[in-house]
Amino acid sequence: MVERLDITFAALADPTRRAMLASLAQGECSIGELAAPHAMSFAGASKHVKALERAGLVERRKAGRQQLCRLKAEPLREAQGWLRQWEQFWNERLDVLEALIEAEKERAE
Amino acid sequence: MTPPIILTVSRDFDAAPETVFDAWLDPAKAGKFLFATPDGEVVKVEIDARVGGHALIVDRRASGDARHHLQYEVIDRPHRLVFLFRADPAGEGQWTRVSIDIAARGAGATLTLTHEMDPQWAAYEDQTRKGWTMILESLAKVMADD
């Protein structure tokens, strides 16, 4: 899973690609729409989309003359899963630590 | 370049920063809270509380012994504790980094724990981390709507 996440994160290292993902999080976009906020050529935007596609983060489909891109959330879900698992772990640990400190205080009183 | 996955958890304690800090390095206390699982029994706690020192906590479970390894990188009582951490079971050789910051808050203390999935990522500057955290958060919201 970690190796797979590496590919995901490498694709996300670029700020333009992160911004594109944020746009795609709002819904399907054409490559032209993805290029617009970045003052970028169609070819430039297409390159970034390809990197996201390789990382499994984006899916493309043809719609007439346009190519529409869609966010694929699965690799990000894995990252989310890792985060959630450890968040639960540490919250439980801190619950026990809190109880331990409280019990000690009561004994001292 | 690979951005980090970073997890942050905060907790307010009704105790002095020193009390909260010391629990992490005191074998008797660490054995009770750090890796104890409800159905397990901590059978070994060895803590060499020095920078570069190691700790081993063994939690005996029905499924076998879980051996958790730590190595201390920063020990700055009572404000900051940083250790590399390899939980069991984990991918072989897969170390992560845990940083604990403790700040005084009135008569109590606020603990902020940061867990980085890969220690090599600690080298990356804050902007990268913030950018990454932001995108994860915004995407989490989108996913929650699915």
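**Notes on chain B and its cores**

1. Let's start with one residue pair in this predicted model: Gln71(B) sits across from Leu84(B), which belongs to β5(B). The strands behind that pairing are β4 (residues 64–76) and β5 (residues 80–86) of chain B, which run antiparallel to each other and share seven bridges.

2. Zooming out, the chain B sheet is open and has seven strands, paired antiparallel in the order β1-β7-β6-β5-β4-β3-β2. At the edges you'll find β1 (6–13) and β2 (41–47) of chain B, each with pairing on one side only. From one strand to the next, the twist averages 20°.

3. Then there's helix α1 (residues 17–25) of chain B, which packs on this sheet. The helix touches β1, β2, β5, β6 (96–105) and β7 (108–116) of chain B, and its direction makes about 160° with that of β6(B).

4. As for the overall layout, chain B has three helices and seven strands. Reading from the N terminus, the elements go β-α-α-β-β-β-β-β-β-α.

5. Which residues touch the most other members of the largest nonpolar core? In that set of 27 residues, they are Val20(B), Ala23(B), Ala30(B), Ile57(B) and Phe83(B). Leaving out residues up to four places away in sequence, Val20(B) touches Phe13(B), Ala15(B), Ile102(B), Ala109(B) and Leu111(B), plus Ile101(A) from chain A. A separate core of 17 residues lies apart from this one, and includes Leu21(A), Leu57(A), Cys69(A) and Leu71(A).

6. Among chain B contacts with a separation of 6 or more, 37% join residues 24 or more positions apart.

Terms used
Residues are numbered from 1 along each chain as its sequence is written. Chains are lettered from A and ligands numbered from 1 in the order in which they are written. This is a predicted model: local features need pLDDT of at least 70, side-chain atom pairs count only at pLDDT 80 or more; totals for chains, interfaces and linings use all residues. A nonpolar core is a set of buried Ala, Val, Leu, Ile, Met, Phe, Trp, Tyr and Cys residues joined through C-beta atoms within 7 Å. A residue is buried if 20 or more other C-beta atoms lie within 10 Å of its own, exposed if 12 or fewer, and partly exposed in between; C-beta atoms are placed from the backbone. Two residues are in contact if their C-beta atoms, placed from the backbone, lie within 7 Å. Two strands pair if DSSP finds at least two bridges between them. Helices (H or I, at least four residues) and strands (E, at least two) are DSSP runs, numbered from the N terminus. Axes are lines fitted to C-alpha atoms, for helices over the stretch in contact, and angles run from 0 to 180 degrees between N-to-C directions.
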